[in-house]
Amino acid sequence: WGQKGHRATAAIATNYLSGKAKKAIKEILEDETLVTVSTYADEIKSYKEYRKYSSWHYVNIEPRLSYADADKNEYGDLVMAIRTCEDVLTSDTSSREEKAFHLKLLVHFIGDLHQPLHLGHAADKGGNDFQVRWFKDGTNLHSVWDTKMIEGYGMSYSELSTNFGKVTKKEFKMFTSGDLLSWVSEGQKLADEVYSSAEIGEELGYRYSADYMSLVTQQLQKGGLRLAAVLNEIFD
Ligand code: ADE
Ligand code: ZN
Ligand code: ZN
């Protein structure tokens, strides 16, 4: 996602943290919040010493393969990244600085896990090479899903989080059930749906954004709720 998607995800998560998780997160992040750190993993992309994290934002799984059977990116992928962050955060030998760095990344990566095209095909770089038009402008399908539709809805991240982030206890349990690999295979199926939603060179606009609004907002909601569940599990 772009900034707004990550901030909305983090804002939703904040409302479902346990008291213990809130306290632990405050001790690690000090003056920052889940919302302010949610875009950190993108901000460091331009520094060459952080370039080794660039493949951590996505996982390319060939159609009909499961993560376990797929070829792995030698530089790491989204699944490995999330596991690494969880390991650092649960280890009692990690320093506060190491925990802060990996918590910032984890908040971002659980968000990216819910953008279907971050689980897309290697051949077109998760839709980055799938050219389309957004109204009259040339862009690609990945960018439509990261930012164009969300910006077009005309809501702030906090409006997105209040409009789509409220669920009952029962719904919270339902949406956060399953493990990391079940969330990956769910996202892979959504990626198939997104790939079949457009043709190369097609002009997308109001109609497309309206058709996929409920999927976009559902994914922001699931990302937020699951981020809270992951953090509650780590810190409780
Ligand atoms: N961003 C850059 N490369 C990507 C890929 N292969 N899949 C998804 N997102 C990406
Ligand atoms: Zn993206
Ligand atoms: Zn990212």
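**Before starting**

The model is predicted: local features require pLDDT of at least 70, side-chain atom pairs count only at pLDDT 80 or more, and totals for chains, interfaces and linings use all residues. Residues are numbered from 1 along each chain as its sequence is written, while chains are lettered from A and ligands numbered from 1 in the order in which they are written.

**The whole chain**

Display the C-alpha trace first. Along its principal axes the trace spans about 50 × 40 × 35 Å.

Next, colour by secondary structure. The chain has eleven helices and three strands. Helices (H or I, at least four residues) and strands (E, at least two) are DSSP runs, numbered from the N terminus. Along the sequence the pattern reads α-α-α-α-α-α-β-β-α-α-α-α-β-α.

Of the 236 residues, 42% are buried. A residue is buried if 20 or more other C-beta atoms lie within 10 Å of its own, exposed if 12 or fewer, and partly exposed in between, with C-beta atoms placed from the backbone. Among contacts with a separation of 6 or more, 73% involve residues 24 or more positions apart; a contact requires C-beta atoms, placed from the backbone, within 7 Å.

**The sheet**

Select β1 (131-134), β2 (137-140) and β3 (203-204). These three strands form an open sheet in the order β2-β1-β3, with mixed pairing. Strands β2 and β3 stand at the edges with a single partner strand each, so one side of each is left without a neighbour in the sheet. Two strands pair if DSSP finds at least two bridges between them.

Four bridges join β1 to β2, which run antiparallel, whereas β1 and β3 pair in the parallel sense over two bridges. Now centre on Trp-134: its bridge partner in β2 is Asp-137, and its bridge partner in β3 is Leu-204.

β1 and β2 form a hairpin with two residues between them. Select Phe-135 in this loop. Phe-135 has a positive phi of about 55 degrees although it is not a glycine, and with 11 C-beta neighbours inside 10 Å it counts as exposed.

**The nonpolar core**

A nonpolar core is a set of buried Ala, Val, Leu, Ile, Met, Phe, Trp, Tyr and Cys residues joined through C-beta atoms within 7 Å. To find the largest one, select Ala-13, Leu-78, Leu-106, Phe-109 and Leu-231, which have the most contacts inside this core of 61 residues. Helix α11 gives the most to this core, with ten residues. Then focus on Ala-13: leaving aside neighbours within four places in sequence, Ala-13 is in contact with Leu-34, Gly-224, Leu-227, Ala-228 and Leu-231.

**Helix α7**

Select residues 141-152. The buried residues of this helix are Leu-141, His-142, Val-144, Trp-145, Asp-146, Lys-148, Met-149 and Ile-150. They pack against several elements, including α1 (3-14), α10 (180-195) and α11 (206-235). Just after α7, Gly-154 takes a positive phi of about 70 degrees.

**Ligand 1**

Select ligand 1 and its shell: Tyr-58, Asn-60, His-118, Gly-120, Ala-122, Lys-125, Gly-126 and Asn-128. A residue is placed near a molecule if its C-beta atom, placed from the backbone, lies within 6 Å of it. By class, the shell has two nonpolar, five polar and one charged residues. Here Ala, Val, Leu, Ile, Met, Phe, Trp, Tyr, Cys and Pro count as nonpolar, Asp, Glu, Lys and Arg as charged, and the others, Gly among them, as polar.

**Single residues**

- Glu-30 lies in the loop between α2 (19-29) and α3 (34-37). Its phi is positive, about 50 degrees, although it is not a glycine, and with 8 C-beta neighbours inside 10 Å Glu-30 counts as exposed.
- Tyr-53 lies in the loop between α4 (40-43) and α5. With 18 C-beta neighbours inside 10 Å, Tyr-53 counts as partly exposed. Leaving aside neighbours within four places in sequence, Tyr-53 is in contact with Ala-41 and Ile-44.
- Thr-84 is found in helix α5 (residues 78-90), and is partly exposed, with 16 other C-beta atoms within 10 Å.

Key:
Contact = placed C-beta atoms within 7 Å.
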